Amino acid sequence: MNLLTDTLGMTEFWANVVIMLIVCTIVFAVFALMSGITSWAERRIAGRMQSRYGCNRVGPQGILQFVADAVKLILKEDLIPDGADRFLYKITPYLCLMGVLATLVVLPLGSRAMMVADLNVGVLYFISITSIVVIGILMAGWSSNNKWSLLGGMRSAAQIVSYEIPVAMSLLTPILIAGSLSVGDLLDSQGWLPWEWTAFQTPFSALAFFVFFIGSLAEGNRTPFDLPEAESELVSGFNTEYSGFRFAVFFMAEYGNVFLIGLSTTALFLGGPNLPGFLQGNPFLSVAVMMLKTIFIMFVVIWLRWTLPRFRIDQLMDLSWKYLLPCALIAFFGQSVFMLVAHQIPAITQITSIVVFIVFLLIMIKFIGRIRTNYKEQSIPVGLN
Amino acid sequence: MEIADLFFYLFSVMIIGLGGVVAFSRNLLHSAFALFFVLFGVAGFYVLLGADFLAMVQIMVYAGGVCVLLIFATMLSDNISQPGKSNLSFQTVLSTVAGGGIALLLLSAFENTTWNVVAPGAMEPTTNSIGKLLLNEYILPFEVISFLLLAAMVSAIMLVKKGENS
Amino acid sequence: MTSELKTEHITINMGPQHPSTHGVIRFVIKTDGEIIHECDPDVGYLHRGIEKIAESVTWQGFVPFTDRVDYLASMNANWAYCMAVEEMLGTEVPERAEYIRVIAGELNRISSHLVAIGAADMDMGAITPFVQLLREREYINDLLEMICGARLTYNYYSIGGVNYDLPEGFSIKVMGFLDHFEVAVEQMHRLVTYNQIFINRFANVAAVSPEMAMDYNFVGPNLRGSGVKYDVRRNKPYSIYDKLDFEIPIGTASVGTLGDCYDRYFVRVEEIRESVKILRQCLQQIPEGEIQAKVKNAIKPPVGHKYIRTETPRGDTGYFIYSDGKTSPSRLKIRTGSFTGMSIIPELARNIFIADLVAVIGSLDIVAPELDR
Amino acid sequence: MNAYFNNIKNGIQTVFEGMSISLASFFVHPITIQYPEDDISSAEKLKETYKGQLGPMPENYRGILDVDLSICTACQLCVKACPIDCIVIDAVKCDKSKVQGTKSEKPAVKTRTCTRFDIHMGKCMFCALCTLACPTGAIVHTKVFEMNKYQLQDLVLSFVSEEEKEKAIKRDSELKVEAAAEKAAKAAKEAEKTEEEK
């Protein structure tokens, strides 16, 4: 800022504009790259889970596949269906992308200092800005003049609107722990050790973490909640009619959403970029830690997609209203009571968090055991050769 | 010109222009979608005024909730799957009277209010104080309203369930 | 408050190109939002006139065409046709040939059921089990390729026996494969069949009562899914099935109502296990000997007609043959299982979700070419 | 209420089991054959790459058809067996050994030689009925399955070249002349004989 105003002789206004543009470019570049890489990773992971290779032709291990895809989609003819609402049809993909991108404003790519804006209503902003995506998908579905698209749009809107509630409710628990709505404060309320993360602090916050993760999967239209795009039912849902660059934008928004799920889960529940004391403030390390956790969560999201079947629309609503919402409320209420108790007996906080983490570890050990047995079963030779 | 001024004008243009679309568009869904952006622009104004909490609630409740419901309701109306559905109004007289009345009311309110002009300065975040006010001074109204909303919700479910059973 | 909201039904074309119609079928559905009011299946997109072709090719020459009736279970279709002609001629098939026929037929039944349950999984959005099950099917294709050289349209059965003998070491290879297969498929069932989401999608959807199933002339796994214990292999044994020990699985309403999608699906899962049992028995019992009965080059069956029923993966497949003593059939009619399954869809697809219709099609295991022939 | 909690319990358990299975298959080696790179006809290479999961192409694979004209007797059995009439054979009666340069122990006149042996691979449905019908094993399925062509006409395989055809026809006419001459000679001889007898 000072550099721009002093040395280049800019007015404060223009300096602001330039800084805004630079920040936007950086964030957008990271976002676009991450969504591209996610789409590549998804295909590779899906391939390996299905005993195939996945894309491995363009570039080393096929990593440039998304570039090739983007080039192909940009060069493709942009079709607008007959009878479509042309104006709405054209602007919709950008609206969806905008909704996803806008979320990045309050999510840190690294430490607290590396947020675009540390709003003091950050969490609220994060929840509410999703409505742009809802409108975008509704518009896409309606303006395509295709009944499958319309059904997809309606499904998506109903789904996102109803899953916003358990997500918002589950976020109350970390808000209660941090005592603030600012994402930066939420980061500061967690330590670098796993049992200092919000997710493992109490059984209730673990429950909230669970609800939040499932809810954000649903908001990101990922399997098992990918009803708006349910391939076997609605052909491709709201983006059935889109082709060319507009489809590429939808695609980017979709995979960017996976990145956002990872980023938000990490920042709000998994300790974010927090480092041990003596390394605190090292920007590279904090970015590395943040990205590592994010990529892990993204892997889990992709992994879930290639594991589970899809819900039906009424079961989806059941899950939201009958299962997740009560869970979120229990988590919120339990956390409040726990904090009242912990106010009297301070030692209980530490003990609970370690116990919760040990329980989590035990589950993981069991889980790894299952993976080992399944792997052994899969490696039984076929004996055809 | 401050950066905030730029946004002020941007949001103003957005609200007025899209407000015009809401009022004059012949396509019901175009109006509904435009309304979403009008509400969004109003939220932008709240931000400029330093009412951050209010702005977020505006987006969450009005833009994300009410407006989507509105669009749902619009889509339930006849023949809406065809784009280009027009919504010609035939009750010109009645709507002129109603609209003019409201406009007069607002104008008189605008004229008769003594506006508290505050010097521009660093505006404090409001979330904290709103929360404190709600849970201390206004706890009773707050609880009463939440109870009312709960009752409304339960009764709505009851009504729907009744319809289902018969 | 009493006045009804006026809504209109939307008419949607599901197909002929649609990811879940398993080929070229069209469903015209009238929906109220997500709920289907009326569904009108439209067949005939894949009509190739196979029954008419029979009238202009020789008796042996028609065998490769039966491959194309149901491309997922060509062996079984070959078998049905060959049996019908053999009955007309009065030819005795050598015992080794019968064993080979059962082995090939049951291998093909497994591979067909793998596609059926895999496609049902994929319709429910679980793509990994589908691909993994197809991988297992690929091994079966390899095995069948070893015995006849083709992977899909086998033309393996000939009138009076089979075309080729089993290659050397085939039994060991099949046994080795079965050891792998049982475990691998069981794992895929843990991945999707017993998954709670999957069960919720399939259980209690589109239940067909036993009476209804018989009224609509259901056959094969669909009929057994409704709890009717009827299998041509047991009730009217042909080939060597009366010597073999296997169960007829029926729907048990384990998670929902009797005859729902899950029952139909699960009968296929059980049938794969039974087929594995049959295969093991056959491979142990298989005798040495001829594989082909003496049949003249130009077959001329006596004047008359014959109707043969066999149990193919898609149910009771019947071949009606009318011969007027010439070198080609005078009239041939094929009765297939998919067609009877299709006829119940308008009945089942009333007041269910669009997503359920996909489940219904998947659980009925409809193969488009078999509908139209 | 019990069903409600059972649903949650089963849901979590089965999802965890499913996740462990899909992660286990994540570590299993893929079985896709990288087609142009991997040689699928060699068993050793496949065994090495795919850990014995994949079988090589079997010896009796039913690929594109091939004809060994040296043992073909032009008996037309394959033409009769083919249900879709994709094989066309024209033959002349002539000495195959002279045309093809192979030695035949059969008497020259009785062997038939193809002047045309066309198979329309675009029509062929690889049913192997022709190979089963062939008494000498002249027509066989090879292991070749790559037969992309730019022109539909290129899918018609002609096993008899123009040159050979001409040769055969020439030889045939020669033989005919020879036979006629022989016949004439024989007739003359017989006539002589009868005259002598007379």
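This is a predicted model: local features need pLDDT of at least 70, side-chain atom pairs count only at pLDDT 80 or more; totals for chains, interfaces and linings use all residues.

Glu270(C) and Arg273(C) form a salt bridge whose closest N and O atoms are 3.7 Å apart, where a salt bridge means a side-chain nitrogen of Lys or Arg within 4 Å of a carboxyl oxygen of Asp or Glu. Because they stand three residues apart in helix α11 (residues 261-285) of chain C, about one helical turn separates Glu270(C) from Arg273(C); helices here are DSSP runs of H or I with at least four residues, and strands are runs of E with at least two, numbered from the N terminus. Glu270(C) is partly exposed at 24% relative accessibility, and Arg273(C) is partly exposed at 27%, with buried meaning under 20% relative accessible area, exposed over 50% and partly exposed in between (1.4 Å probe, protein chains only).

Salt bridges that share partners also join residues of chain C into one network, including Arg233(C) and Asp231(C). That pair has its closest N and O atoms 3.0 Å apart, and both Arg233(C) and Asp231(C) are buried.

Residues are numbered from 1 along each chain as its sequence is written, chains are lettered from A and ligands numbered from 1 in the order written, and side-chain values use heavy atoms, leaving out hydrogens and water.

Turning to chain A, we find 14 helices and zero strands, and buried residues make up 57% of its 385 residues.
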